[in-house]
Amino acid sequence: MSQISYVSKKVDGLKPSGIRRFFDLAAQMEDVISLGVGEPDFVTPWNFIEQSFHALEHGYTSYTENAGMIELRKEISTYLSKNYRLRYDPYDQVIVSVGASQAIDLALRAVIDPGDEVIVVEPSFVAYVPTVKLAGGTPVTIQTEAEDEFKLKPEQIEAAITPNTKAIMLCNPNNPTGTFLSKEELEQLAEMIEKHDLLVLSDEIYAELTYDEDYTSFPSITGMKERTILISGFSKAFAMTGWRLGYAAGPAQLIAAMVKIHQYTMMCAPTMAQHAALEALKNGRQSVNDMVESYKQRRNFIVSSLNEIRLKCPNPGGAFYAFPSVEATGLTSSEFAEQLLQEEHVAVVPGNVFGANGEGYIRCSYATSIKQLDEAMKRMKRFVEKRI
Amino acid sequence: MKEFEVELLKLIENNANLELDKIAKLMGKRIDEIQELIDKLEKKKVILGYSTLIDWAKVLDEEEVTAMVDVKVTPARGFGFDKVAERIYRFPEVKAVYLMSGAYDLSVSVKGKTMMEIGHFISEKLSTLDSVLSTTTHFVLKKYKHDGIILEDADEDDKRIVVSP
Ligand SMILES: Cc1ncc(COP(=O)(O)O)c(C=O)c1O
């Protein structure tokens with residue numbers, strides 16, 4: 001029988017994730033210390049879990065409204081207003097999604113027509129380019145530069161604009177670089193965005209995890225709210241990755257379009273997770289603050305340790321990733337990551353999987369206990385010393 | 001109290017064994033700054049001591065019994081409860097003493113090698129104090145959590161997949 005492939009050209013053409021390959025390597029090995037994990041090491045705070053039990057015990061096991069429970073949308077709206085001085089109407093400007101991942105997918109599918117170009121700033125989260133393609137759009141990547149601390153510059157947007165450009169994906173603070181953009185830097189980008197009439201998908205899932213300066217949410221910049229879909233979720237700051245809960249807020253017309261897709265393809269986000277998220281927003285502040293304090297300490301620790309062992313690393317302003325250069329070792333990102341895994345059983349992610357300019361860098365997640373981080377740094381020191 | 005002092009205290013409250021250089025790195029300060037700060041906090045008796053939490057139940061031949069004793073007392077004139085409390089907390093067998101609201105006055109935690117030993121201490125030393133009116137003794141059968149730490153937590157290994165986006 002001939003081997004017909006029934007897989008669509010669109011899917012067939014997607015590159016397999018570089019992360020996946022690395023996962024397969026690391027998963028076979030014992031006593032690996034992993035700095036390769038893009039999620040918190042903290043277990044979800046107990047009161048969120050307990051609230052979810054409570055909801056289940058009381059029979060909340062059915063669908064919710066398509067856009068999410070109105071109580072939760074109201075809490076999200078209050079949260080955004082308290083923390084970022086943003087006003088979104090919970091009835092028609094907020095949607096609860098299955099992780100920020102689904103919110104990204106919904107937003108892209110809601111706005112893209114065939115031929116539309118979406119600017120993706122790299123190195124960045126591995127899902128952006130494939131999601132744009134799956135939505136039928138054409139991703140146009142911009143590579144930020146190490147010497148700019150991987151900060152996007154307005155000229156770079158300008159250079160990427162064509163008559164087909166429709167939207168730009170921004171992520172602040174950024175995965176994998178930890179790069180944090182200040183209010184002034186965002187304002188400069190906003191000017192360019194306004195000039196070219198772009199829609200912005202602003203992925204702010206790491207907004208709570210910033211350590212040195214106050215955070216500015218992109219839609220809070222003058223003139224940007226009308227052209228921005230704000231995307232966030234509970235995975236990172238609330239340590240709820242497995243619950244699969246995120247949200248988007250934006251202009252009513254765009255949110256309505258997203259709800260339309262959502263109602264046909266997903267119905268609603270998991271009900272028990274929505275109850276946990278409600279508790280997270282109502283009574284989770286202390287837990288979040290404690291985790292942020294801990295991440296900040298680990299950031300300080302890993303950045304000074306990496307610099308000591310000559311893996312040059314600027315101080316990342318947010319998220320939980322350090323993105324040091326491996327140039328001193330003479331190895332490529334992949335060589336470094338593979339050899340480090342084989343020899344010292346420490347997993348990091350090669351920077352090139354996040355975009356071309358990630359070559360020469362590795363992503364080290366510091367969402368790991370101090371004890372583990374300390375041991376990982378000792379092993380990496382030994383590894384690097386052999387090569388310098 | 002300054003923010004970084006609180007940060008330091010929280011770090012060593014969680015782990016009194018944390019080395020100075022690590023504390024310095026975590027807080028983004030120099031080692032000598034941390035040393036100086038610790039000296040100051042010790043001098044001010046903010047830091048009162050460094051102890052290790054040990055699960056003695058795991059140590060062979062080293063049985064230990066804890067009792068929580070509810071004590072009703074007549075407060076001493078001019079000193080309130082403080083004088084009576086002091087008479088009690090001076091005994092080395094006594095690990096904790098709290099003044100309580102409610103049905104009794106002092107909550108006293110007593111440790112000993114056997115129930116007999118504790119019984120002896122209570123009947124001979126504690127209940128015979130002039131100001132003690134009555135005692136009710138509750139023996140601890142099992143410890144689940146102590147000072148914020150869950151004992152026998154078999155469930156704390158990392159459940160995350162090793163590499164993720
Ligand atoms: C930048 C960024 N956006 C979105 C996500 C997806 O998060 P969620 O778990 O909410 O789908 C991640 C997860 O790694 C991320 O790093």
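Mentor: Buried means under 20% relative accessible area, exposed over 50% and partly exposed in between, with a 1.4 Å probe and protein chains only. This is a predicted model, where local features need pLDDT of at least 70 and side-chain atom pairs pLDDT 80 or more, while totals for chains, interfaces and linings use all residues. Residues are numbered from 1 along each chain as written, chains are lettered from A and ligands numbered from 1 in written order, and side-chain values use heavy atoms, without hydrogens or water.

Trainee: Is Arg109(A) buried, partly exposed or exposed?

Mentor: Happy to start there! Arg109(A) lies in helix H5 (residues 99–111) of chain A, helices being DSSP runs of H or I with at least four residues and strands runs of E with at least two, numbered from the N terminus. Because its relative accessibility is 34%, Arg109(A) counts as partly exposed.

Trainee: Which residue meets Arg109(A) in a salt bridge?

Mentor: Look four residues away in H5(A), about one turn of the helix. A side-chain nitrogen of Lys or Arg must be within 4 Å of a carboxyl oxygen of Asp or Glu. At 3.0 Å, N to O, the partner of Arg109(A) is Asp105(A).

Trainee: How far apart are the closest N and O atoms of Arg20(A) and Asp24(A)?

Mentor: This pair sits in helix H2 (residues 18–27) of chain A, again four residues apart. Arg20(A) is partly exposed at 47% relative accessibility, and Asp24(A) is partly exposed at 34%. Their salt bridge has its closest N and O atoms apart by 3.1 Å.

Trainee: How many residues apart in sequence are the parts that Asp212(A) and Arg299(A) tie together?

Mentor: Asp212(A) and Arg299(A) form a salt bridge, with closest N and O atoms 2.9 Å apart. Asp212(A) lies in the loop between strand E6 (199–203) and E7 of chain A and Arg299(A) in helix H11, so the pair ties together parts separated in sequence by 87 residues.

Trainee: Which residues are joined into one network by salt bridges that share partners?

Mentor: Over all chains the salt bridges number 30. This network draws on chains A and B, and its members are Asp374(A), Lys378(A), Glu19(B) and Lys22(B).

Trainee: Which helix gives the most to the lining of the second largest pocket?

Mentor: On a 1 Å grid over protein atoms alone, a pocket is an open set of points with protein on both sides within 12 Å along at least five of seven lines, a cavity is a set where a 1.4 Å probe fits but cannot get out, and lining residues have an atom within 4 Å of a point. The second largest pocket holds about 680 Å³, and its 26 lining residues include Lys296(A) and Glu3(B), among the closest to its centre. H4 and H11 (285–308) of chain A and H1 (3–14) of chain B each give two or more residues. With nine residues, the top contributor is H11(A).

Trainee: Which strand supplies the largest share of the lining of the largest cavity?

Mentor: Of the 15 residues lining the largest cavity, Val121(A), Phe150(A), Leu152(A), Cys171(A) and Asn174(A) are closest to its centre. Strands E3 (117–122) and E5 (165–171) of chain A each supply at least two. The largest share, three residues, comes from E5(A).

Definitions and conventions:
Grid points are joined across faces, edges and corners, and a volume is the space filled by probe spheres set on the points.
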